[in-house]
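Here is a short briefing for a first look at a protein chain.

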Amino acid sequence: MKFENLPKKIPIFPLSKAIFFPKTILPLNIFEDRYIQLVNDAIKNNRVFGMTQPKRGKIIEKGTQKKPELYDVGCLGKIINFSETNDNRFLITLFGLCRFKIIQEDQSKKLYREFTVDYSNFENDLKNYNIKKPKTDMNKIMNKVKLYFKKKNYLLDWDILNKLDQEQLIDTICMVSPLSVEEKQKLLETKKVDEKLFILDEILNFNLESESEVKTIQ
């Protein structure tokens, strides 16, 4: 999808602990009525909707309505595969297109929420991006990633991950890693891939040091 064709008004699916990145794949099991309606409407139109993380414990109250407050930055995804189950659920596969910043929530008669969004800070998400860091630095970071995943007992198929280009590899690791919601959100909001790699390295260093300190105390 071209940058100028990205929709300015989008439905958003706020899903706790599911932070979505451009050029990554996210499988979703859709079973709530409001999000079944969202997916149905998306399939009938341009097959896109946004994913944004709700802020933990923060609620917006408007009259009798209570809604979770959302992080400003999320990611637009396109449904690239879907099937409907016998019990009326949707199993879909979402491909990350471009990050956005929420401008405002729009009035809607739908069961789901709709927002006006802006993509201007993230236009590079639709382009191929070459990471400027030397390959040796990337290898060092990958070794830290594997060590951290091992300490957290997270199993991944590294053969499949190694087939991704560097940008996809970094974003996929950020998405599936056992990092905190806040750490993942910080990585999502980082505009440039080089900066994201630097921040990921810092986060890994902090978490690995924390793990070592806990083991020492025990």
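**Surface and burial**

The chain has an accessible surface of about 12700 Å², and carbon and sulfur atoms hold 48% of that area. Accessible areas come from the Shrake-Rupley method with a 1.4 Å probe, and for residues only the protein chains shown count as cover. The model is predicted: local features need pLDDT of at least 70, side-chain atom pairs count only at pLDDT 80 or more, and totals for chains, interfaces and linings use all residues. Residues are numbered from 1 along each chain as its sequence is written, and side-chain values use heavy atoms, with hydrogens and water left out.

- Of the 218 residues, 45% count as buried (under 20% relative accessible area, 1.4 Å probe, protein chains only).

**Fold and overall shape**

- The chain has six helices and eight strands (DSSP runs, H or I of at least four residues for helices and E of at least two for strands, numbered from the N terminus).
- Along the sequence, the pattern reads β-β-α-β-β-β-β-β-β-α-α-α-α-α.
- The radius of gyration is 18 Å, close to the 17 Å that the globule rule gives for 218 residues, so the chain is as compact as a globular protein of that length (taken over C-alpha atoms; the rule is 2.2 Å times the number of residues to the power 0.38).
- Along the principal axes, the C-alpha atoms fill a box of roughly 55 × 40 × 35 Å.
- Among contacts with a separation of 6 or more, 69% join residues 24 or more positions apart (contact means heavy atoms within 4.5 Å).

**Largest pocket**

- The largest pocket holds about 450 Å³ of space (a pocket is an open set of points on a 1 Å grid over the protein atoms alone, where a 1.4 Å probe fits, with protein on both sides within 12 Å along at least five of seven lines; lining residues have an atom within 4 Å of a point).
- Its lining has 22 residues, and Lys67, Glu105, Leu111, Tyr112 and Arg113 are the closest to its centre.
- Elements that each supply at least two lining residues include strand S1 (9–14), helix H1 (33–44) and strand S7 (90–106).
- S5 gives the largest share of this lining, four residues.
- The lining of the largest pocket has nine nonpolar, three polar and 10 charged residues.

**Second largest pocket**

- The second largest pocket holds about 180 Å³ of space.
- Its lining has 13 residues, with Ile60, Ile102, Glu105, Arg113 and Phe115 nearest its centre.
- S4, S5, S7 and S8 each give two or more residues to this lining.

Key. Grid points are joined across faces, edges and corners, and a volume is the space filled by probe spheres set on the points. Ala, Val, Leu, Ile, Met, Phe, Trp, Tyr, Cys and Pro count as nonpolar, Asp, Glu, Lys and Arg as charged, and the others, Gly among them, as polar. Buried means under 20% relative accessible area, exposed over 50%, partly exposed in between (1.4 Å probe, protein chains only).
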